[in-house]
Amino acid sequence: MSSRWLPIAKILAAVRDNVPNLSVAKPDKTSLTRRTNDVEHVLSVFPAKHDNARLQWSVAAHLVSFPQNFAIAILPPELDAVQDARMSLSMAADVETWESGYRRPAKGEGISLTFIADIRHWGDSLVSFVSSQQDFGMLLLADSDVHRNGVRAEFRSSNSPARLVQSVIVARQIRDFDLEHTALQKLQRMANHKIDGFLPTYGKAVQYWAKEYRSKVQVDIGDLVKGDFANLP
């Protein structure tokens with residue numbers, strides 16, 4: 001049974017017309033990528049989870065040759081900034097947004113003009129957010145969202161321990177000793193801090209994630225698994 005909806009491939013073609021230097025991702029062909037300096041930004045377009053008649057899109061940055069769950073979510077600005085941008089373009093402020101989704105076109109229908117405008121306005125900044133492997137590693141250490149060029153990388157405090165382990169892994173694999181030193185300094189400061197969740201302290205959470213990653217990466221993180229954080233270099 002054929003779908004009534006315009007194929008995602010045609011929507012991606014419209015995205016490529018408005019955001020330069022994007023390639024169709026293989027093998028899924030439901031997303032677009034831009035790869036620079038071993039950093040890959042992936043822009044995906046998909047039906048909304050709870051409403052098949054609406055479209056949503058997302059951007060994530062990954063490092064080539066690292067596990068796929070080493071990822072940073074890159075988002076358009078908060079809703080008030082979106083509304084300000086719409087007003088400056090003489091558009092209605094209360095129309096579709098990336099959070100609520102956009103009208104999903106059926107075959108023979110045009111793509112939402114708001115979707116195209118948002119892609120054109122923020123797309124290039126979203127798919128160029130992370131500049132290098134070193135930049136990726138430093139971003140993983142952020143305590144809150146990081147804003148650049150009108151868009152933001154989302155960082156929740158709840159996954160900070162996992163991100164710190166990822167940062168150490170990145171630092172050791174690319175041999176960036178300044179990044180590693182910065183990550184370990186943060187770990188020493190935070191090790192005994194109480195956190196919400198199933199583990200009592202930041203350090204215990206780091207140990208947990210180090211054990212999870214240990215068999216999946218190419219560098220030694222046995223010191224993080226051991227948990228003797230007071231004697232880290």
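**Notebook: helix packing, core and a loop**

I began with helix H6 (residues 177–190) and helix H7 (residues 202–214), which pack at an angle of about 130 degrees with their axes 8 Å apart. Axes here are lines fitted to C-alpha atoms, for helices over the stretch in contact, and angles run from 0 to 180 degrees between N-to-C directions. So H6 is oblique to H7; angles under 35 degrees count as roughly parallel, over 145 as roughly antiparallel, 65 to 115 as roughly perpendicular and the rest as oblique. Helices (H or I, at least four residues) and strands (E, at least two) are DSSP runs, numbered from the N terminus.

A note on the source: this is a predicted model, where local features need pLDDT of at least 70, side-chain atom pairs count only at pLDDT 80 or more, and totals for chains, interfaces and linings use all residues. Residues are numbered from 1 along each chain as its sequence is written, and side-chain values use heavy atoms, with hydrogens and water left out.

H6 brings Lys186, Leu187 and Met190, while H7 brings Tyr202, Gly203 and Val206.

**The core**

I then turned to the largest nonpolar core, which has 64 residues. Such a core is a set of buried Ala, Val, Leu, Ile, Met, Phe, Trp, Tyr and Cys residues joined through side-chain atoms within 4.5 Å. Buried means under 20% relative accessible area, exposed over 50%, partly exposed in between (1.4 Å probe, protein chains only). Helix H5 (residues 160–174) gives this core its largest share, 7 residues. Among the residues with the most contacts inside the core are Phe115 and Leu187, and Leu187 is also part of the H6 contact with H7.

What does Phe115 contact, leaving aside neighbours within four places in sequence? I found Ile11, Val15, Val45, Trp57 and Tyr102.

**Asn18**

Asn18 sits in helix H1 (residues 8–18). I saw that its side chain reaches the backbone oxygen of Ala14 at 2.8 Å. Not counting residues up to four places away in sequence, Asn18 touches Ile116, Ile119 and Arg120.

**The E2–E3 loop**

Last, I checked the loop between strand E2 (31–36) and strand E3 (39–48), where Asn37 lies. Most residues other than glycine have a negative phi. Asn37, however, has a positive phi near 55 degrees, and at 54% relative accessibility it counts as exposed. Asp38 is found in the loop between E2 and E3 too. Its phi is also positive, about 65 degrees, and Asp38 is partly exposed, with a relative accessible area of 37%.

Technical notes: A polar contact is a pair of N or O atoms within 3.5 Å; within protein, one must be able to donate a hydrogen and the other to accept it, and residues adjacent in sequence count only if both atoms are side-chain atoms. Contact means heavy atoms within 4.5 Å.
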